[in-house]
Amino acid sequence: DRESAVKEGDTIVTSGVGGIFPKDLLVGKVVSVKSETHGISLYAEIEPFADLRHLSGVFVVTSFTGQGSGLQ
């Protein structure tokens, strides 16, 4: 929302909420925060930490504490 504390340079990690991805996996860095065209909310542009064009290996998480538990 418009009151979000997210700012340029912040690190984005997974929340673990929903049980799909474990908590605290590094996703990327906020490169900009902009207003939606309607002006009600903001969105952030994220630069992924991984160079998705040059992956040579992938780590697959198959289970973790809290998996499938919904809100934690």
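In what order do the three strands form an open sheet, and is the pairing parallel or antiparallel? In this predicted model, for which local features need pLDDT of at least 70, side-chain atom pairs count only at pLDDT 80 or more, and totals for chains, interfaces and linings use all residues, the order is β1-β2-β3 and the pairing is antiparallel. Residues are numbered from 1 along each chain as its sequence is written, and side-chain values use heavy atoms, with hydrogens and water left out.

**Strands and sheet**

The protein holds zero helices and three strands, where helices (H or I, at least four residues) and strands (E, at least two) are DSSP runs numbered from the N terminus, and along the sequence the pattern reads β-β-β. Two strands count as paired if DSSP finds at least two bridges between them. The edges of the sheet are taken by β1 and β3 (42-48), each of which has a single partner strand, so one side of each is left without a neighbour in the sheet. From one strand to the next the twist averages 50°, an angle that runs from 0 to 180 degrees between the N-to-C directions of axes, which are lines fitted to C-alpha atoms.

Between β2 and β3 the antiparallel pairing extends over seven bridges, and the table gives two of the residue pairs.

| Residue | Opposite residue in β3 |
|---|---|
| K34 | Y43 |

The two strands β2 and β3 form a hairpin with six residues between them.

**Backbone angles in the loops**

In the turn of that hairpin, G39 has a positive phi of about 80°. A positive phi, of about 70°, is also found at D24, although D24 is not a glycine. Most residues other than glycine have a negative phi. D24 lies in the loop between β1 (11-13) and β2 (26-35), and its relative accessible area of 49% makes it partly exposed, a class that lies between buried (under 20%) and exposed (over 50%) with a 1.4 Å probe and protein chains only.

**Whole-chain values**

Of the 72 residues in the protein, 11% are buried. The protein exposes about 5,800 Å², of which carbon and sulfur atoms supply 56%, the areas coming from the Shrake-Rupley method with a 1.4 Å probe. Among contacts (heavy atoms within 4.5 Å) between residues at least 6 apart in sequence, 32% join residues at least 24 apart.
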